[in-house]
Structures are given as C-alpha cells and as structure tokens.
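Here is a brisk report on selected helices and loops. Keep the model open as you read.

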Amino acid sequence: MTDVSAGRRLTVAIAGATGVVGTAVREILAEREYPVGELRLLASERSAGRRLPFGGHDVAVDVLAADSFADVDLAFFAAGGAASKRFAPAAAAAGALVIDKSSAFRSDPEVPLVVPEVNPDALAAHKGIVATPNCSTIQMVVALKPLYDAAGIERVVVSTYQAVSGSGKKGPDELRRQAPRVLAGKPAEAAAYPYQIAFNLLPHIDDFLPGGFTKEEQKMVDETQKIFADPDLKVAPTCVRVPVFNSHSEAVNVQTRRRLSLAEARALLAAAPGVELIDDPTKLSYPMPIDASGLDPVFVGRLREDPTIENGLHFWCVSDNLRKGAALNAVQIAEELLRRELV
Ligand SMILES: NC(=O)c1ccc[n+]([C@@H]2O[C@H](COP(=O)([O-])OP(=O)(O)OC[C@H]3O[C@@H](n4cnc5c(N)ncnc54)[C@H](OP(=O)(O)O)[C@@H]3O)[C@@H](O)[C@H]2O)c1
C-alpha cells in the first residue's frame, strides 16, 4: 500500500488466525506492508500455542476471548458467525475496529457492508464494526460496478461454481481425501458435504430457506442490494459447489437499464478498478480458477450480448475466494480506513 499511516503502526488482531481466511489475512497484511506494530493471533483452544510466522518472527496463537482486544486498533474476524456474534461486540467495545468476514452483521443496518472498489464511502458510517460480503457477492459486484454506474442494472441472473476452499479448511481436505478413493473405485465417504464432492456437483450451499433458495443464494440478493444501496435491483442466483480446490467462477447475465454496446461494456470493464479482462476467444483466452488462484483481480471474460432480452449482456467471472472474496477485501477495507483516518 502507499504509505498513508504517517509512521503510525497499529496493533492488529486476527480472530480465526489458523483458518484458510485468517491465514490469507496474515499473508496479505505482510505482502501489502500494512503498518502492523503488534500482531495478535487468536483461534480456538484446539490451536492455542501454535506458532505462525509474521514479519520475520513466529507469533503464538492465543485462545479467542472477550478480553483479547485491550489496546487493539483493528480486529479481523474470520472465526465463523457464532464467534463473531459472541466476541466482535466485545472487541468493538474495547476500542478495536472490527472487520468481520462472517455473515453475522451483514444485514444489520448499523453495519456498513463494504467492497472498496464499489462503496467505500459507506465506511464513514461505521460504529465499530464493518462487514465484508460473502465471497460470491464480492466478485460479482466488482464486475457489475462499472456497468451499474454507466447504465443502471435492472436484473442479474447468476450461476456460481464455487470452490471447496469456500467451506474452510474442511473443504479442500475432503476433496483431497475423496479423489484418490473414487479413482480407486472405493466409496467416497462424505463428511464435510452431504454427498460426495469429488467428480460431482452440489446445487446446495448453506441451508435451504422456506422458498427453496439457499442462504448462500439469499446472501447474494440481500448483499448486492445493500452494497449498491438499491433495493429494486433484482438478483436471481443459483449457487453450486464444484470440485475445484480454489477460486470461484460465475456465469452472469445482466439486464442494464440503458443499452450498452458490447464495445462500451468492454471498455468499461477494461478500465474498472479490481477487474482484469481476459477475453479473446480467437486465442481461447478466458478466465479459469486454476489461473486466478493466488492473484488479486476479479477476472472477466466471455463477454457477449444476450440477444434474447433487451439490454442483455453475458459474462463469466473468476476470482480467488480466499483473496478478493475474503482476506484481500478485508485488508483493502483496513487500508481505506487508514487512508480516511477512520481507524
Ligand atoms: N473460505 C472462504 O472462501 C470464505 C470467504 C468469505 C467468508 N468466509 C468466512 O470467513 C470465516 C472463516 O472461514 P474459513 O473458511 O477461514 O474457515 P476455517 O478454515 O474452518 O477456519 C476457521 C477458523 O476459526 C477458528 N474458530 C472456529 N471456531 C472458533 C471459536 N469458537 N473460537 C475461536 N476460534 C474459532 C478456527 O480455529 P481452530 O483452528 O482453533 O479450529 C480457525 O482459525 C467464516 O465466517 C466464513 O464464512 C470464508
């Protein structure tokens, strides 16, 4: 990051430091040279005493507790919704600014839900907790933002292809365990998911709601409307878990309010912050999850007009769910808070 800290170094805590998102937060803070003075790593009793590297030293993991946050400036929460509900208010009351990765506070009208490329101004209203959206929402809204600003958006139909790392460390562990068993003709033995995930697709992420949508799908609707501050924006999602280790993909169909030509849409996406266009069918060039993993952008390709509706566009987008979908978005929020002198 550009140095906006004026020499100040912050005491930073990561709750859920041993998980896949907490690990990525620790790595990205170091990579982007966030001005961390002291780092506190917090997890459950299972991980107490483990030592994890940061800034040339090993830092011991402590047990997350209500009194973990004395003198903490900034607390990243990546320990699940129950831990966030239980400990984030205590962290905020102790004076830490909480950046929460769980869904615990996303629909709370008092809590800004922020993607820095889309709605950074929402940060100004924080009251000690800032929420970061679901991974599938983040990459979609980054790609939609330039189209929304230029032409308005009436409706979005999205199908997701979500990697197993989106389920936390148990997801990749299960795929790694099942794949050789299935290839050897043995039973897959599902534990993290209700059915075998290796060589299969599950049209089911998070719990089912009474109307037939899943909570993951409902999050894409509610969060997109909150981020764009547009309750009329229609979003119709289907969320699918796929046997890909990392990086989520999405097929997105957009109906804009004003017509955008293909050339206009391409130019808008090419210039959009956080987006990288990879779109040349003549060279078989399009985004794929194996190429996106470990990288920051939301990759967009397969851009084309939808001739079946008025003002329709299709695109495909791929992004690393642990980075832009989770840890990177949280660290970018921390950078923006510092830039705006809000922490
Ligand atoms: N994975 C993604 O792509 C993604 C994307 C967006 C948002 N998120 C959200 O980020 C959060 C973390 O997810 P993850 O994927 O990183 O999960 P994970 O790999 O399973 O890690 C969970 C972390 O939380 C800790 N933890 C669990 N229960 C705890 C408790 N009661 N007290 C203290 N620590 C506890 C675990 O510590 P131990 O090691 O001690 O068990 C571990 O550090 C979740 O809210 C998730 O919904 C994840």
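## A loop residue with positive phi

D206 sits in the loop that joins helix 4 (170–183) to helix 5 (215–227). Helices here are DSSP runs (H or I, at least four residues), strands are DSSP runs too (E, at least two), and both are numbered from the N terminus. D206 is not a glycine, yet its phi is positive, about 70 degrees. D206 counts as partly exposed because it has 17 C-beta neighbours inside 10 Å. (The cut-offs: buried means 20 or more other C-beta atoms within 10 Å of the residue's own, exposed means 12 or fewer, partly exposed lies in between, and C-beta atoms are placed from the backbone.)

The model is predicted: local features need pLDDT of at least 70, side-chain atom pairs count only at pLDDT 80 or more, and totals for chains, interfaces and linings use all residues. Residues are numbered from 1 along each chain as its sequence is written.

## Helix 1 and its end

Helix 1 has 12 residues, which should span 16 Å at 1.5 Å a residue; its end C-alpha atoms are 16 Å apart, so the two agree. (The expected span is 1.5 Å times one less than the number of residues.) Its buried residues are V20, V21, G22, A24, V25, R26, I28 and L29. Their cover includes strand 1, strand 2, strand 3 (51–54), strand 5 and helix 8. Contact here means C-beta atoms, placed from the backbone, within 7 Å.

E33 follows helix 1. It lies in the loop between helix 1 and strand 2 (36–43). E33 counts as exposed because it has 12 C-beta neighbours inside 10 Å.

## Helix 1 against helix 8

Helix 1 (residues 20–31) packs on helix 8 (residues 323–339) at an angle of about 50 degrees, and their axes are 9 Å apart. That angle makes helix 1 oblique to helix 8. (Under 35 degrees is roughly parallel, over 145 roughly antiparallel, 65 to 115 roughly perpendicular, and the rest oblique.) Axes are lines fitted to C-alpha atoms, for helices over the stretch in contact; angles run from 0 to 180 degrees between N-to-C directions.

From helix 1, V21, A24, V25, I28 and L29 meet R323, A326, A327, L328, A330 and V331 of helix 8.

## Helix 2

In helix 2, the buried residues include A83, S84, F87, A88 and A91. Strand 1 (10–15), strand 5 (74–77), strand 6 (97–100) and strand 7 (129–131) are among the elements covering them. G95 follows helix 2, with a positive phi near 105 degrees.

Terms used
Two residues are in contact if their C-beta atoms, placed from the backbone, lie within 7 Å.
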